[in-house]
Amino acid sequence: MFLARVIGRVVTTQTYPGLTGERFLIVSPLDEHGAACADTLVACDVAQSGIGDTVHVCDGREATLALDETFVPIDATVVGHVEQFAHESADGDP
Amino acid sequence: MKLGRIVGTLVTPVQHPAYDGKRLLAVRPIDPDGNESADRMFIAVDRAQAGIGDVVLLMAEGSSVREVLGEADAPIRCAVVGVVDEVELEGETMYPAG
């Protein structure tokens, strides 16, 4: 599970049947200072996130457990919208 | 399991229902000597009443975490399962320092 920022959106017209209606976002993993720290990836969304939001992403097998259909080819899901990240040196948004 | 240090806490008002009532921590993996490892920062559910600055045991393995939480269907992959008091490496006490 990691912190990320939503930087884009992906629209699909043809997908694996179990993924119909799912939202896909492009997310950029963040470090504790709010800086991008790894390659961007595409994640499903169950937290009604939008571009610019700081989010909490669950990856791996557990990513599909957040969806209605739990046996689908998904390896990352946005499971939370981060309102505040209290850092050891400063409070506030990342 | 990994050794890590708590570097932050998260407030997530909109989240998957499996996370309701659970504390979320930001954990930076560390080497046994206390330096930050190359791993990226993890977000983990707190099961050890850990706070910022604590050195902790981090489970980042998936199904074993769901077993610890007793929630087989929760989309949760990482949990803080212990607060570390002491780390000894090759006969030398690495934590607490000094």
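User: Let's start with A:Pro29. Which strand is A:Pro29 in?
Analyst: A:Pro29 belongs to strand S2 of chain A, which covers residues 23-29. Keep in mind that this is a predicted model.

User: Buried or exposed, that A:Pro29?
Analyst: Buried: A:Pro29 has 20 other C-beta atoms within 10 Å, and the cut-off for buried is 20 or more.

User: What does A:Pro29 touch, if we skip residues up to four places away in sequence?
Analyst: A:Pro29 touches A:Phe2, A:Ala4, A:Ala36, A:Cys37 and A:Ala38, plus B:Arg40 from chain B.

User: OK, zooming out. What is chain A built from?
Analyst: Six strands and zero helices. Along the sequence that reads β-β-β-β-β-β. Chain A has a radius of gyration of 13 Å, close to the 12 Å that the globule rule gives for 94 residues, so chain A is as compact as a globular protein of that length.

User: How much of chain A is buried?
Analyst: 40% of its 94 residues count as buried. The C-alpha trace of chain A spans about 45 × 20 × 20 Å along its principal axes.

User: And what is chain B made of?
Analyst: Chain B has one helix and eight strands. From the N terminus on, the order is β-β-β-β-β-α-β-β-β. The radius of gyration of chain B is 14 Å, close to the 13 Å from the globule rule for 98 residues, so chain B is also as compact as a globular protein of that length.

User: What share of chain B is buried?
Analyst: Buried residues make up 37% of the 98 residues in chain B. As for its span, the C-alpha trace of chain B covers about 45 × 25 × 25 Å along the principal axes.

User: Now the two chains together. How many residues of chain A are in contact with chain B?
Analyst: 31 residues of chain A are in contact with 28 residues of chain B. Strands S1 (2-10), S4 (54-59), S5 (76-81) and S6 (84-87) of chain A each supply at least two residues of that side of chain A. By class, the chain A side has 16 nonpolar, eight polar and seven charged residues.

User: Which strand of chain B does S5(A) join?
Analyst: S5(A) is joined by two bridges to strand S2 of chain B, residues 14-15, and the two run antiparallel. A:His81 stands opposite B:Val14 there.

User: What about S6(A), which strand does that one pair with?
Analyst: S6(A) pairs with strand S1 of chain B, residues 2-11, in the antiparallel sense over four bridges. In that pairing, A:His87 stands opposite B:Gly8.

User: Which strand of chain B is joined to S1(B) by six bridges?
Analyst: That's strand S3 of chain B, residues 24-29, and it runs antiparallel to S1(B). B:Arg5 has B:Arg28 in S3(B) as its bridge partner. S1(B) also pairs antiparallel with strand S5 of chain B, residues 55-59, over four bridges, and B:Gly4 stands opposite B:Val56 there.

User: Which residues have the most contacts inside the largest nonpolar core?
Analyst: The core has 50 residues, and the ones with the most contacts inside it are A:Val57, A:Val78, B:Val27, B:Phe42, B:Ile43, B:Ala44 and B:Cys78. Take B:Val27: leaving aside neighbours within four places in sequence, its contacts include B:Ile6, B:Phe42, B:Leu58 and B:Val80.

User: Last one: which residues does the cis peptide bond join?
Analyst: B:Tyr95 and B:Pro96, with omega about 0°. B:Pro96 lies in the segment after strand S8 (92-95) of chain B.

Definitions and conventions:
Residues are numbered from 1 along each chain as its sequence is written. Chains are lettered from A and ligands numbered from 1 in the order in which they are written. This is a predicted model: local features need pLDDT of at least 70, side-chain atom pairs count only at pLDDT 80 or more; totals for chains, interfaces and linings use all residues. A residue is buried if 20 or more other C-beta atoms lie within 10 Å of its own, exposed if 12 or fewer, and partly exposed in between; C-beta atoms are placed from the backbone. Two residues are in contact if their C-beta atoms, placed from the backbone, lie within 7 Å. Ala, Val, Leu, Ile, Met, Phe, Trp, Tyr, Cys and Pro count as nonpolar, Asp, Glu, Lys and Arg as charged, and the others, Gly among them, as polar. Two strands pair if DSSP finds at least two bridges between them. The radius of gyration is taken over C-alpha atoms; the globule rule is 2.2 Å times the number of residues to the power 0.38. A nonpolar core is a set of buried Ala, Val, Leu, Ile, Met, Phe, Trp, Tyr and Cys residues joined through C-beta atoms within 7 Å.
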